[in-house]
Amino acid sequence: FLLAALFQPALAQTPYMAPDIPATKFTATLPEADYVKQEVMIPMRDGVKLHTVIVIPKGAQHAPIMLTRTPYNASKRAERMESPHIASLLGDADDAFIEHGYIRVYQDVRGKYGSEGDYVMTRPLRGALNNTAVDHSTDAWDTIDWLVKNLPQSNGKVGMVGSSYEGFTVLMALVDPHPALKAAVPMSPMVDGWRGDDWFHNGAFRESNLGYIASQNAARGKGVEIATGIYDDYDAFLRAGSASDFAHQYGLDQLNFTRKIFEHPAYDVYWQEQALDKILGKRDLKVPTMTLVGRWDQEDIYGAYATYAALEPKDKDNNMNFLVVGPWRHSQVNGDGSSLGPLKWTGDTAAEFRRDYMLPFFDQYLRDGAPRFDTPPVLSYQTGPNRWRRLDKWPLAPASTPLYLEPGQHLSFNKPAGQQQFDEYVSDPAKPVPFVQRPVRMGDGNVWRPWLVADQRPYSDRPDVLTYVSEPLKAPLQLAGQPMVNLFAATSGSDVDWVVKLIDVYPDEVARQPEMGGYQLAIAMDIFRGRYKDGFDKPHAIASNKVERYRFALPNVDHVFLPGHRVMVQIQSSWFPLYDRNPQTFVPNIFYAKPQDYKKATQRIYHAPGMESAIELPVVK
Ligand code: PG9
């Protein structure tokens, strides 16, 4: 016994069988760290607690707070790598904030990752669609209230920033904002999921999002990937049939949000009541807001402009509502903005924006003693000449200059004169036009992210695509606004999709960058589901073989067609599998179209007297 006591180390108090993994989260002590990281559960008004990661620069005093509310895992956003250095801990997008000593806060939205409560996709505002006491507006309010009361290192001023879903949560915070919220930068916010952001464009469903729904909604944490076992998404979606057939095949119709989408194919109350531009347009503009989007934003190209337009009438002195459009894909503003696909810019436009515009914008409202910044009402990167422009307003020109489709597949600013009344093509739902070259890999970032600038040459001479092209331009053609499609068209079917692309055709030879010779760069393109031609909430069958007028807007452009370039317009009736196929036979709900509903149709585009199809361009004279 004595001998055993001798060998027992004097200080041993940890029982041999004490569990070796701590019950509460372990945090290493980092004596050299230039920050303090806290993880807290912030209580909301309904008692639900939201997981929040707070990174405070060491020694901070009177520091402003920058908040992002995310469905994409707050913890990950504040651990780019394990490091004692705040600049390594946070992502590149936070560089500017770190430099100026901001406290950086990331929060999981309710129901996702570390937060309690239930998750509802882009949870609607309290009201017609939400009969609970909470939404992202109240959650932002409660969070900001807690932060300013519990962070003695702060100066009590909060900014919000975030892209896409996180841009949506920024806009939601602007509905009845907390008084400590002093400035906001919603980036590519999801604003109207039906009109032109993530879920639909003008009524055509973006099938690619079925994968997103599975990855977001299958679990509180990371969801699931759909393992189709088919390399080419074109085949996977085509073989399945309708979007609901695809969803059913892989069990995605077990998820409530899939069902909500399928139950609301038209722009009914469900979508109308969620349109954030309309919601914000009915409130006072209390917080300086810089809304931002990428020129080629492949996910949310609609909402930023709609928000800016809705807030603009409230900004009497032109000093509260700002718009920024960079030459970027979705969320590229938070990464490297030197190029997009084959397009090369005049430097890292994203870092430039963050450092030279976003930080001074936030600083002036948030940092004690920071100078007033001369924020341009509109900052826009003009493509073609490739330069930033400081503008007073947007758009600069209305879409009032028709560029006519002419016989012989020409484009001209003069009214068409030839004999031939129309051009036609056969659209076959069994062979839809791919939106990118096959094999289609929508989950591959290298394919998905730059797809809006992909060369449109593979489609221009397909028999199911009509292509109109101008002569080479002798003088620059400057556009700054939103082109309008004005088609006079007929279909032999009883429903139809129109895809219209406005394209800059590069000269045959480009010495500076030889692979750009003859490149067909789309500067604006979109889809319109014909059944909605008389109202987005009023789908109806199209009279077969009758000429009808279809009008819809294309995404905004700030572009100069340079001399030697040509203007091209492509028209087609499918864009697969990004958009679900229109069966071309009217059915009450396309999500449930049956195989026998999918029929070939002959589409005619008219250029006859009184039926002059055109793209109306916002030409700056
Ligand atoms: N575009 C993504 C999204 C936003 C909102 C709803 C669904 C998807 C995003 O990048 O967050």
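Visitor: Which residue in S26 stands opposite Glu424?

Guide: Glu424 stands opposite Arg604 in S26. Before going further, note that this is a predicted model, in which local features need pLDDT of at least 70 and side-chain atom pairs count only at pLDDT 80 or more, while totals for chains, interfaces and linings use all residues. Residues are numbered from 1 along each chain as its sequence is written. Helices (H or I, at least four residues) and strands (E, at least two) are DSSP runs, numbered from the N terminus.

Strand S26 covers residues 601–608 and pairs with strand S17 (residues 422–427) in the antiparallel sense, over six bridges. Strands pair here if DSSP finds at least two bridges between them. S26 is also joined to strand S20 (residues 484–491), again antiparallel, by three bridges; in that pairing Ala489 has Ile605 of S26 as its bridge partner. A further antiparallel pairing, of two bridges, links S26 to strand S27 (residues 611–612). There, Ala608 is bridged to Met611 in S27. S26 and S27 form a hairpin with two residues between the strands, and Gly610 in this hairpin takes a positive phi near 80°.

Leading up to S26 from strand S25 (566–572) is a loop that contains Pro577. The peptide bond joining Phe576 and Pro577 is cis, with omega about -5°. Another cis bond runs from Arg438 to Pro439, with omega near -5°, and Pro439 is found in the loop between S17 and helix H15 (445–448). Most residues other than glycine have a negative phi, and most peptide bonds are trans. His62, not a glycine, has a positive phi of about 50°; His62 sits in the loop between S2 and S3.

In the UniProt record, an unreviewed entry, residues 359–616 are annotated as "domain: Xaa-Pro dipeptidyl-peptidase C-terminal". Such annotations may be inferred rather than shown by experiment, and their positions are given in the numbering used here, with feature names shortened. Over residues 359–616 the chain is 6% helix and 36% strand, with the end C-alpha atoms 37 Å apart.

Next comes a sheet. It is open, with ten strands in the order S1-S2-S4-S3-S5-S6-S9-S10-S13-S14 and mixed pairing. Strand S1 (35–43) and strand S14 (387–391) are its edges, each pairing on one side only. From one strand to the next the twist averages 20°.

Axes are lines fitted to C-alpha atoms, for helices over the stretch in contact, and angles run from 0 to 180 degrees between N-to-C directions.

The two helices also pack on each other: H5 (residues 136–150) and H6 (residues 165–173) have axes 8 Å apart at an angle of about 80°. H5 is therefore roughly perpendicular to H6 (65 to 115 degrees; under 35 is roughly parallel, over 145 roughly antiparallel, the rest oblique). His136, Ser137 and Ala140 in H5 meet Thr169, Met172 and Ala173 in H6. The residues of this contact are three nonpolar, three polar and no charged (Ala, Val, Leu, Ile, Met, Phe, Trp, Tyr, Cys and Pro count as nonpolar; Asp, Glu, Lys and Arg as charged; the others, Gly among them, as polar).

Last, the ligand. Thr122, Ser164, Tyr165, Phe168, Met190, Asp198, Tyr212, Glu299 and Asp300 surround it, a residue being near if its C-beta atom, placed from the backbone, lies within 6 Å. This shell divides into four nonpolar, two polar and three charged residues.

Conventions: Two residues are in contact if their C-beta atoms, placed from the backbone, lie within 7 Å.
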